[in-house]
Amino acid sequence: MKPSVNCCGKELSRRWLALRRAPRPALDAVQAAFAGLQDGAAAAGYPYRPGQTPDEFAVALLARLEEDEAAAPLRGAVGRLAGLFAARQYGRRPAMDAAEEARAVWAAARPPLRRLAWRRRLRRE
């Protein structure tokens, strides 16, 4: 007779696989904008560190961007996106216009962040 642990183990495996295969909720506009900021910052050489809060990330990124004049258009966007994301994730429900604002801020921040990433890549080569 097989021990009951195997039976439970199989059931847990089935549940775990079902959870892994379950569709994940889509990111809303605020989450997507902040994720884009994280990805772009990492490509430009300013990665998001595990355990950092959005505000800590913004402060660290802004400190590193102070040195670079090409990053001037990003400075306002970094703080604003971090604030919108923190409110979305940890605070009360964000205002309805937060999604529109996040899209607009990210649209303005994306080109200078891409330029920083390309400059970094070209310097390495």
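## Salt bridges

A search of the whole structure finds 3 salt bridges. A salt bridge here is a side-chain nitrogen of Lys or Arg within 4 Å of a carboxyl oxygen of Asp or Glu. The model is predicted: local features need pLDDT of at least 70, side-chain atom pairs count only at pLDDT 80 or more, and totals for chains, interfaces and linings use all residues. Residues are numbered from 1 along each chain as its sequence is written, and side-chain values use heavy atoms, with hydrogens and water left out.

R88 and D28 pair through their side chains at 2.4 Å, N to O. This pair links distant parts of the chain: R88 is in helix α4, D28 is in the loop between α1 (4–21) and α2, and 60 residues separate them. R88 has a relative accessible area of 27%, so R88 is partly exposed. D28, at 28%, is partly exposed. Buried means under 20% relative accessible area, exposed means over 50%, and partly exposed lies in between (1.4 Å probe, protein chains only).

R80 and E101 form a salt bridge, with the closest N and O atoms 2.5 Å apart. E101 sits in helix α5 and R80 in helix α4, so the pair ties together parts that are 21 residues apart in sequence. E101 is partly exposed at 28%. R80 is partly exposed at 36%.

R75 and E66 also meet in a salt bridge, at 3.9 Å, N to O. R75 counts as partly exposed because its relative accessibility is 24%. E66 counts as exposed because its value is 54%. Side chains of opposite charge can pair when their charged atoms come close.

## Overall fold

The protein has 5 helices and 0 strands. From the N terminus on, the order is α-α-α-α-α. Helices (H or I, at least four residues) and strands (E, at least two) are DSSP runs, numbered from the N terminus.

Buried residues make up 30% of the 125 residues. The accessible surface comes to about 8800 Å², and 56% of this surface belongs to carbon and sulfur atoms. Areas come from the Shrake-Rupley method with a 1.4 Å probe; for residues, only the protein chains shown count as cover. Among contacts (heavy atoms within 4.5 Å) with a separation of 6 or more, 60% join residues 24 or more positions apart.

Helix α4 covers residues 72–90, which is 19 residues. From first C-alpha to last, α4 reaches 28 Å, close to the 27 Å expected at 1.5 Å a residue. The expected span is 1.5 Å times one less than the number of residues. Which residues of α4 are buried? They are L74, A77, V78, L81, A82, L84, F85 and A86. These buried residues pack against α2, α3 and α5 (98–124).

The largest nonpolar core holds 27 residues, of which L37, L61, L65 and L74 touch the most other members. The elements giving two or more residues to this core are α2, α3, α4 and α5. Helix α5 supplies the largest share, 8 residues. A nonpolar core is a set of buried Ala, Val, Leu, Ile, Met, Phe, Trp, Tyr and Cys residues joined through side-chain atoms within 4.5 Å. Not counting residues up to four places away in sequence, L61 touches L37, A41, Y46 and V78. In soluble globular proteins, nonpolar side chains tend to be buried together.

## The loop with Q52

Q52 lies in the loop between α2 (29–43) and α3 (54–65). Is Q52 buried or exposed? Q52 counts as buried because its relative accessibility is 18%. A polar atom of the Q52 side chain lies 3.0 Å from the backbone nitrogen of R49. A polar contact is a pair of N or O atoms within 3.5 Å; within protein, one must be able to donate a hydrogen and the other to accept it, and residues adjacent in sequence count only if both atoms are side-chain atoms.

Leaving aside neighbours within four places in sequence, Q52 is in contact with P47, F57 and A60. A60 belongs to helix α3. A60 is partly exposed, at 32%.

## The loop with D68

D68 is in the loop between α3 and α4. D68 is buried, with a relative accessible area of 13%. Not counting residues up to four places away in sequence, D68 touches R75, L116 and R119. D68 and L116 are 48 residues apart along the chain, and their C-alpha atoms are separated by 9.2 Å.
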